[in-house]
Amino acid sequence: MRPAAAVSAVFFTHALLVAACVSRISSLKHGLGLSDAQLGLALLAGPLCSVAAMFAAGQLVKRIGGGRALRRTVPLMCAAAPLPGLADSLWSLALFLGIWGGVEGIVGVAMNAHAVDVESATAKPIMSRLHGFWSLGALAGGVAGTVAGYAGQPVALQGAELGLAAFAGFVVLAPCPVATKARPVDSGGRPAGTVLVLLGVVAFCSNLAEGSAQTWSSVFFTDTAGAPRDLAGLGLAVYAVSMFTSRLFIDRVLGRFGTVRTVRALMVLAGLGFLPALLVPHPVTAIAGLMAVGLGFSPVIPAALRAGSKIPGIAPGPALATVSGLTWGAMMCGPPLVGGLAAVSGVGVALGLVVAFAIVVVACFAYALRLGAVEALRGPQGR
């Protein structure tokens, strides 16, 4: 199988397993009789272990490469899929979620590192499209988990079945290491560490907006825009579909107009599209606003990962681990930040402030996407 297709399958599988697990959190809570506070404590173990594991994954990728790292870690992720469903107490759930989070974090870094290798070897920009397949896998995992929950299937059995199916697919489609050529890099005269920090800021702020929009979209759609509660999920669906669709095609736009120019234009689109939803709250303006945010931020994380892998003087593995870890940190910080602001100003204003802050920061520091990247791909990719 072609390397691009193989790594696309890995992105899809990673998201499928993660989303299927997340979709059954409610079943785990009620099955163990946990309170909201206890569940929150248990859930914290997953992201914390995931972030810690990402930095270890950076060293693994540096030593053996992304393709070989995937061959060693994806089977572990498939084997760990049933673990959360085997928990019989709060602490065992935290332990199993921690193990699960650690393994999927390592796979996340390895698959992005291998994606960078494939992109460089094929001289075609594919990173955004790969993250589009991740979004598609998340949708499939959410549907699979919902169906399994409706049918009353135990969480552990669901995890075992999906893990086995994912492993079987991986055996057939397992990505192979690809040969890449060393290319000249240009950091714009700035130290490599400075470039990495700037990319981390861009990635953090982008995911701050993404995580906030994902988590609070349904509340914003009903409580602020006045949509019927039966349609609460429509806001998230519109946001997710717009981001997925954009990521499938945005690489061509980046190749034609350049990363920096495109990202700044999309930040303007996100701001102008979301502003009417705040000034004139209505289901129609809310749908348009969430769609604009999804479209606007869709290429930022893939572009930051691509740029981070090409910083002179820093190995791709550790650089990708740093950027990935910061994106996870933003996912943990964004929703609580909106919640705290909402207690004072309301959900609409709170979400608007976070999104506006992210837009300004990403637009201002978008040049870091060029500083870290090079003209390594066909077209003005780093312009």
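**Helix packing and buried residues in a predicted model**

S217 lies in helix α8; helices here (H or I, at least four residues), like strands (E, at least two), are DSSP runs, numbered from the N terminus. The model is a predicted one, so local features need pLDDT of at least 70 and side-chain atom pairs count only at pLDDT 80 or more, while totals for chains, interfaces and linings use all residues. Residues are numbered from 1 along each chain as its sequence is written, and side-chain values use heavy atoms, with hydrogens and water left out.

Back to S217: with a relative accessible area of 0%, S217 is buried (buried means under 20% relative accessible area, exposed over 50%, and partly exposed in between, using a 1.4 Å probe and protein chains only). Not counting residues up to four places away in sequence, S217 touches S212, G235, L236 and L290, where contact means heavy atoms within 4.5 Å.

How does helix α8 sit against helix α11? Two packed helices are described by the angle between their axes and the distance between the axes. Helix α8 (residues 192-224) packs with helix α11 (residues 283-297) at an angle of about 160°, and their axes are 11 Å apart. The axes are lines fitted to C-alpha atoms, for helices over the stretch in contact, and the angles run from 0 to 180 degrees between N-to-C directions. So α8 and α11 come out as roughly antiparallel to each other (angles under 35 degrees count as roughly parallel, over 145 as roughly antiparallel, 65 to 115 as roughly perpendicular, and the rest as oblique). The crossing of α8 and α11 is left-handed, a label used if the near helix is turned anticlockwise from the far one by less than a right angle, with right-handed used if clockwise. On the α8 side, S206, A209, E210, A213, S217, F220 and F221 take part, and they meet P283, A286, I287, L290, V293 and F297 in α11. Sorted by class, this contact of α8 with α11 has ten nonpolar, two polar and one charged residues. For the sorting, Ala, Val, Leu, Ile, Met, Phe, Trp, Tyr, Cys and Pro count as nonpolar, Asp, Glu, Lys and Arg as charged, and the others, Gly among them, as polar.

F297 turns up again in the nonpolar core. The largest nonpolar core has 104 residues, and W100, F297 and V362 are those with the most contacts inside it. Such a core is a set of buried Ala, Val, Leu, Ile, Met, Phe, Trp, Tyr and Cys residues joined through side-chain atoms within 4.5 Å. Helix α5 (residues 90-122) supplies the largest share of this core, 15 residues. Leaving out residues up to four places away in sequence, W100 touches L17, V18, C21, M77, A80, A81 and P84.

The axes of α10 and helix α14 (residues 347-364) come within 9 Å and cross at roughly 165°, so α10 and α14 are roughly antiparallel to each other. Here α10 passes α14 in a left-handed crossing. From α10, the contact uses V263, R264, M267, A270, G271, F274 and L278; from α14, it uses G348, L351, G352, V355, I359, V362, A363 and C364. By class, that makes eleven nonpolar, three polar and one charged residues. R264 is found in helix α10 (residues 259-279) and is partly exposed, with a relative accessible area of 35%. Although R264 and A363 are 99 residues apart in sequence, they are 5.2 Å apart in space, C-alpha to C-alpha. Beyond four places in sequence, R264 touches A363, C364, A366 and Y367.

Helices α3 and α4 meet at another angle. The axes of helix α3 (residues 36-64) and helix α4 (residues 66-80) come within 7 Å and cross at roughly 120°, which makes α3 oblique to α4. L60, V61 and I64 of α3 make the contact with G66, R68, A69, R72 and T73 of α4. These residues divide into four nonpolar, two polar and two charged.

A319 sits in helix α13 (residues 316-345) and, at 0% relative accessibility, counts as buried. Apart from neighbours within four places in sequence, A319 is in contact with L196, G308 and I314. A156 is placed in helix α7 (residues 155-173) and counts as buried at 15% relative accessibility. Residues up to four places away aside, A156 touches P82, G85 and L86.
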